[in-house]
Amino acid sequence: MQKVLIANRGEIALRIVRACRELGIKTLAVYSEADVESLHVQLADEAICIGGPQSFESYLRADRIISAAEIADVDAIHPGYGFLAENADFAEQCESCNIKFIGPSANAIRKMGDKAVAKDTVQKVGVPVCGGSDGVIESEDRATKIASSVGYPVMIKAVAGGGGKGMRIAHNEISLRKEFHVARNEAEKAFGNGDVFIEKFIENPRHVEFQILADQHGNVIHLGERDCSIQRRHQKLIEEAPSPFIDPQLRARMGEAAVNAARAADYEGAGTIEFLVNDQREFFFLEMNTRIQVEHPVTEEVTGVDLIKQQILIASGEPIAFTQNDVQFNYHAIECRINAEDPSRNFIPSPGCIDLYYAPGGHGVRLDSHAYGGYIIPPYYDSMIGKLITYGRTRDVAIQRMYRALSEYIIRGVKTTIPLQKAIISDPKFQAGKATTAFMEDFLERKPKFD
Amino acid sequence: MKKSDLSEFGVEEENFKLKIRRDTGKEAQPHIVNYAPAQTSTPATQSEPISQAAPAAQAASIPQAESDSGVYITSPMVGTFYTSSSPENPAYVKVGDTVSADSVVCIIEAMKIMNEIQAEQSGDIAELLVENGQPVEYGQRLFRLS
């Protein structure tokens with residue numbers, strides 16, 4: 001592999017440029033007119049403009065991206081996360097144009113992209129799933145039948161949804177009858193597919209996901225879990241590895257389930273299996289993400305494995321150079337997603353010019369960010385400024401280090417989530433490792449003071 | 001200076017200003033391949049140029065950043081520019097021709113499909129800015145009109 005096209009932007013595009021550099025691979029950045037001054041565009045070996053500022057005019061234009069790949073004669077395309085990363089049609093177009101899509105096959109993406117099919121696929125190989133319907137539910141009556149057999153409360157989910165979207169809770173039969181139709185309409189509007197299924201709703205679970213790697217030679221291993229329970233409206237704010245709730249025995253069982261799920265999906269590359277874990281330490285398959293995830297750095301710092309490099313090596317046909325037994329969890333790592341949002345004003349986005357920027361550093365601090373002094377955050381994309389990761393021998397050290405690093409970090413000119421994240425990691429419940437997915441709602445209701 | 005990678009070095013203090021430039025013997029290459037954005041300010045690596053592999057020769061150049069008042073036909077897509085529909089046929093337009101909004105001015109080929117590109121404005125062709133067979137990107141200037 002000599003040249004890779006990076007079909008993404010912002011911090012993940014920069015991350016991919018760095019990995020390619022270390023592997024001696026040339027990079028081609030494709031970018032929109034709004035990203036002319038972006039850091040990764042300046043650092044890549046080549047750059048091609050593919051359209052106007054809006055995503056549908058540029059980063060979602062598969063035709064222009066593939067055109068750029070052809071004229072620049074690239075060997076592979078790295079889709080990053082979001083945009084076209086889980087677009088099976090795009091993966092298929094790459095395949096038919098003889099360009100390697102760095103990720104799984106179009107088939108695997110399709111299989112795991114349909115939540116009902118995914119659940120069915122993993123259940124067949126013994127992965128625990130939430131009780132619920134066997135597939136799509138066509139009628140209100142069938143919905144109530146299933147719901148009464150698994151027991152309320154239940155969650156109505158869109159098969160084409162994901163990432164927290166397209167879900168409705170029903171606590172009894174009356175609300176189920178209503179929510180069933182609401183969910184179908186919403187799903188039709190949002191995803192173009194109104195099919196829904198039903199699952200038992202698990203109260204206040206922890207969100208624990210497992211990182212897997214699968215090569216072209218049949219090797220599949222897991223790299224441990226990430227606890228992503230600190231979420232607001234299903235958007236993750238803080239992630240950590242290992243999970244303070246998972247002991248080695250549970251890790252081994254969940255890891256095995258994750259590997260089995262990846263095999264059942266006929267997977268290639270880096271992927272993540274998401275589980276919900278209840279208070280009784282029972283775990284249930286939620287969904288599989290067939291891409292690299294935003295929070296991959298915490299796994300990298302805990303295990304020492306460079307996941308982006310692994311993606312590229314696997315795509316090149318290399319076997320994974322280590323075994324499951326070689327994987328060690330030597331550190332504890334925490335990540336804060338630093339977004340240009342104002343947490344004191346309901347997280348309203350805050351694009352604009354960063355007129356003063358000072359990045360934190362020192363022992364155990366990693367910053368994955370495309371920001372710099374003078375950079376203008378465009379209003380067309382997500383609000384992420386960067387990811388701040390700290391790690392240390394123990395969870396306490398990682399937390400203290402995160403507080404220190406957040407305090408050093410200066411981003412002047414836009415509002416950021418830094419004050420909120422400082423408050424969260426100072427919270428006694430978080431520090432005790434007791435946070436579940438109910439944490440953020442409860443935390444914000446307490447109206448904590450942060451400047 | 002020769003020992004280091006620097007080609008230009010400056011120091012400014014209260015009563016003292018020094019600037020050294022090393023003549024590398026070749027024309028100053030843009031250190032940022034194909035593109036020189038107006039640098040509002042740079043990250044940690046201050047004035048030191050970001051070292052690059054040699055600029056790829058035919059990789060599409062980025063839309064020009066100079067602010068001038070010319071009128072241009074720009075590329076609406078990414079692909080390869082051709083002046084005519086095939087090597088045997090004459091070019092669609094040449095310098096001096098008058099075009100209207102729906103005049104076809106060139107072909108841009110993408111993924112084996114030849115797309116006829118229209119002028120979308122009227123005027124006289126004053127200059128052809130790209131070469132036959134050159135890869136072009138979105139927004140790239142193809143023709144200047146007068």
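Which residue in S2(A) is the bridge partner of Leu5(A)? In this predicted model, the partner is Leu28(A). That bridge belongs to the pairing of strand S1, residues 3–6 of chain A, with strand S2, residues 26–32 of chain A, which run in the parallel sense and are joined over four bridges.

The two strands are part of an open sheet of five strands in chain A, with parallel pairing and the order S3-S2-S1-S4-S5. Strand S3 (46–51) and strand S5 (100–101) of chain A each have a single partner strand, so they stand at the edges and one side of each lacks a neighbour in the sheet.

Next come the helices. Helix H1 of chain A covers residues 10–23, and it packs against helix H11, residues 307–315 of chain A. Their axes are 9 Å apart and meet at an angle of about 60°. Because angles from 65 to 115 degrees count as roughly perpendicular and those under 35 as roughly parallel, this value makes H1(A) oblique to H11(A). The crossing of the two helices is right-handed. On the H1(A) side, the contact is made by Arg15(A), Ile16(A), Ala19(A), Cys20(A), Glu22(A) and Leu23(A); on the H11(A) side, by Ile308(A), Lys309(A) and Ile312(A). Six residues of this contact are nonpolar, three are charged and none is polar.

Helix H10, residues 296–303 of chain A, is mostly covered, with eight of its eight residues buried. The buried residues of H10(A) include the charged pair Glu300(A) and Glu301(A), as well as His296(A), Pro297(A) and Val298(A). Just after H10(A), Gly304(A) adopts a positive phi of about 80°.

Definitions and conventions:
Residues numbered from 1 in each chain as written. Chains lettered and ligands numbered in written order. Predicted model: local features only at pLDDT ≥ 70, side-chain atom pairs only at ≥ 80, totals over all residues. Pairing = 2+ DSSP bridges. Buried ≥ 20, exposed ≤ 12 C-beta atoms within 10 Å, placed from the backbone. Axes fitted to C-alpha atoms, helices over the stretch in contact; angles between N-to-C directions. Parallel < 35°, antiparallel > 145°, perpendicular 65-115°, else oblique. Left-handed = near helix turned anticlockwise from the far one by under 90°. Contact = placed C-beta atoms within 7 Å.
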